[in-house]
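Let's take a walk through this structure together.

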Amino acid sequence: MRTISVCVGSSCHLKGSYDIIKKLKDLIKEHDLEGKWELKAEFCCNNCRNPVSVRIDDSELYSIDVERAEAFFKEKILGA
Ligand code: FES
């Protein structure tokens, strides 16, 4: 099982991390990937100046906003 972790620390929360989680959750379902990918919430990753922090497995941190969530999914999850 692979993991997408989304920061839900206060700064990322204000920038829409829950909307990103919802979007990614819907996309995982839509692409029938529920048995392969799981979503996790992560606490502050010390990257608060940027958009919402997202990590794939143990990857570096990505910073995405809600508008980029779908493109991120296509690139990093479907393209993985
Ligand atoms: S709150 Fe997300 S990186 Fe700090």
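Ser53 counts as buried, because its relative accessibility is 1% (buried is under 20% relative accessible area, exposed over 50%, partly exposed in between, with a 1.4 Å probe and protein chains only). This is a predicted model, so to speak of local features takes pLDDT of at least 70 and side-chain atom pairs count only at pLDDT 80 or more, while totals for chains, interfaces and linings use all residues. Residues are numbered from 1 along each chain as its sequence is written, and side-chain values use heavy atoms, with hydrogens and water left out.

What does Ser53 touch, leaving aside residues up to four places away in sequence? Its contacts (heavy atoms within 4.5 Å) are Ser5, Val6, Cys7, Cys12, Cys45, Asn47, Leu61 and Tyr62. With Asn47 there's also a side-chain to side-chain polar contact at 3.1 Å (a pair of N or O atoms within 3.5 Å; within protein, one must be able to donate a hydrogen and the other to accept it, and residues adjacent in sequence count only if both atoms are side-chain atoms).

Now zoom out a bit. Ser53 sits in strand E3 (strands are DSSP runs of E, at least two residues, numbered from the N terminus). E3, residues 52-56, pairs with E4 in the antiparallel sense over four bridges; two strands pair if DSSP finds at least two bridges between them. Arg55 has Leu61 in E4 as its bridge partner.

The whole sheet is open, with four strands in the order E2-E1-E3-E4 and mixed pairing. E2 (37-42) and E4 (61-64) are at the edges with a single partner strand each, so one side of each has no neighbour in the sheet.
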